[in-house]
Amino acid sequence: MKLLITGGAGFIGSHVVRLFVTKYPEYQIYNLDKLTYAGNLANLSDIENAPNYTFIKGDITDAKFLEDMFAEIPFDGVIHLAAESHVDRSITDPMSFVMTNVVGTVNLLNAAKNSWQANGAGGTSAFDGKRFYHVSTDEVYGSLHNPDEFFLETTPYDPQSPYSASKAASDHFVRAYGNTYKMPVVLSNCSNNYGPNHFPEKLIPLMIHNIQTNKPLPVYGKGENVRDWLFVVDHARAIDTVFHKGVLGETYNIGGFNEWKNIDIVHLLCATMDRKLGRPEGTSAKLITYVTDRAGHDLRYAIDANKIMNELGWQPSLQFEEGLEKTVDWFLANQEWLDNVTSGAYQTYYQGMYANR
Ligand code: NAD
Ligand code: TYD
């Protein structure tokens, strides 16, 4: 099995690469990543010399590069995670989301389809044994307002941000290639992830970093927006499950049945950090600062993950409090990693996003 994983130097991708490299020594794992601000080879330093692992630097918006790579390496499977992933950045620069998430995904579909057809027996049997797995988000379903509602695989798409619109478009293309060319596609849509290696532009690692450095904790709006949080290693385990057991053409929602209001998470993080840093109780919570809300801010995401649990036998392994504790411990033990990703361009980003908010 020659398996291409895109975006493997990013947050979730690095956990997926590690899981596959260590669990399947008989597979050859190729990690294709552009190494944008979010891509970091330090995330994979523990497995970089594994005999079944190869890193390829490249950009999925470059169709020729992808065609050449597929001509050179006969991939059997693709797990596609490369994307622009941050909603706030999509509000200031939507076009880079169109390019990577939409055009990049279609380029990848074309490269896989063309090489599998060229090397195959002809007709749809060219796809025998092949698999194209597209990793997506629950944000494509839009925002929930009724507390009894959950996102199901059948929930109509209703993306509300440039990020979620670009992911929705990419999902549509993947399904269209499955329908039109009979490509062997499978998809999953996951809720918010958290854990080690999370880039500190996202809520949880940003708050950990700001608590540590005594900076204001910028809570958007009233802090009442709700997200469903899943430990990143549990998402990687779900991706392993869907890749190997998922039925072609199907979509699987992945989530932790773990809804939290943002402000409650920030308070939990403050209490955890006070304890870990030996600060008097209540110290970090004084840093909480309510700031101007995100434009078009989705109120609530909540996943119904019964399909993957019942049909494929996956379930989350960690409770949130335990996962958050592990996450905080990882950030405190990996100061050099955090220092490296919060220097330079991050400071410019942070100033632009938060200085006059
Ligand atoms: P991330 O931003 O941490 O990592 C994205 C990776 O993609 C980086 O390594 C980056 O260098 C790479 N990349 C970006 N543009 C590229 C390009 N043009 N060519 C090649 N590589 C490129 O993202 P993440 O949080 O790890 O998310 C991974 C995937 O999972 C995304 O598709 C995202 O939509 C999806 N997802 C994320 C979450 C979440 O909570 N973070 C939840 C559900 C789904
Ligand atoms: P984020 O981590 O950006 O994930 P997403 O928007 O994809 O769900 O944000 C999670 C929630 O936290 C979201 O409701 C926005 C909010 N948030 C803040 O209140 N302050 C912040 O500084 C950030 C980054 C997010």
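Around ligand 2 there are 18 residues, and Glu139, Pro218, Arg227, Arg294 and His297 come nearest; a residue is near a molecule if one of its heavy atoms lies within 4 Å of it. This is a predicted model: local features need pLDDT of at least 70, side-chain atom pairs count only at pLDDT 80 or more, and totals for chains, interfaces and linings use all residues. Residues are numbered from 1 along each chain as its sequence is written, chains are lettered from A and ligands numbered from 1 in the order in which they are written, and side-chain values use heavy atoms, with hydrogens and water left out.

**Ligand 2**

- A nitrogen atom of ligand 2 sits 2.8 Å from a polar backbone atom of Pro218. That is a polar contact (a pair of N or O atoms within 3.5 Å).
- On its own, ligand 2 has 510 Å² of accessible area, and the protein covers 98% of that. Accessible areas come from the Shrake-Rupley method with a 1.4 Å probe.
- Helix H6 (203-212) and strand E8 (217-220) each supply at least two residues of the shell. E8 gives the most, with 3 residues. Helices (H or I, at least four residues) and strands (E, at least two) are DSSP runs, numbered from the N terminus.
- The shell around ligand 2 has 8 nonpolar, 5 polar and 5 charged residues. Here Ala, Val, Leu, Ile, Met, Phe, Trp, Tyr, Cys and Pro count as nonpolar, Asp, Glu, Lys and Arg as charged, and the others, Gly among them, as polar.

**Ligand 1**

- Ligand 1 has 28 residues around it; Ile12, Asp33, Ser85, Tyr163 and Lys167 come nearest.
- A side-chain atom of Asp59 lies at 2.9 Å, a backbone atom of Ile60 at 3.0 Å and a side-chain atom of Thr100 at 3.2 Å.
- The protein covers 97% of the 840 Å² of accessible area that ligand 1 has on its own.
- H1 (11-23), E5 (131-137), H5 (162-180) and E7 (192-194) each supply at least two residues of this shell. The largest share, 3 residues, comes from E5.
- By class, the shell around ligand 1 divides into 12 nonpolar, 12 polar and 4 charged residues.

**Helix packing**

- Helix H8 (residues 262-277) packs with helix H10 (residues 320-333) at an angle of about 55°, and their axes are 11 Å apart.
- H8 and H10 are therefore oblique to each other. Angles under 35 degrees count as roughly parallel, over 145 as roughly antiparallel, 65 to 115 as roughly perpendicular and the rest as oblique.

Conventions
A polar contact is a pair of N or O atoms within 3.5 Å; within protein, one must be able to donate a hydrogen and the other to accept it, and residues adjacent in sequence count only if both atoms are side-chain atoms. Axes are lines fitted to C-alpha atoms, for helices over the stretch in contact, and angles run from 0 to 180 degrees between N-to-C directions.
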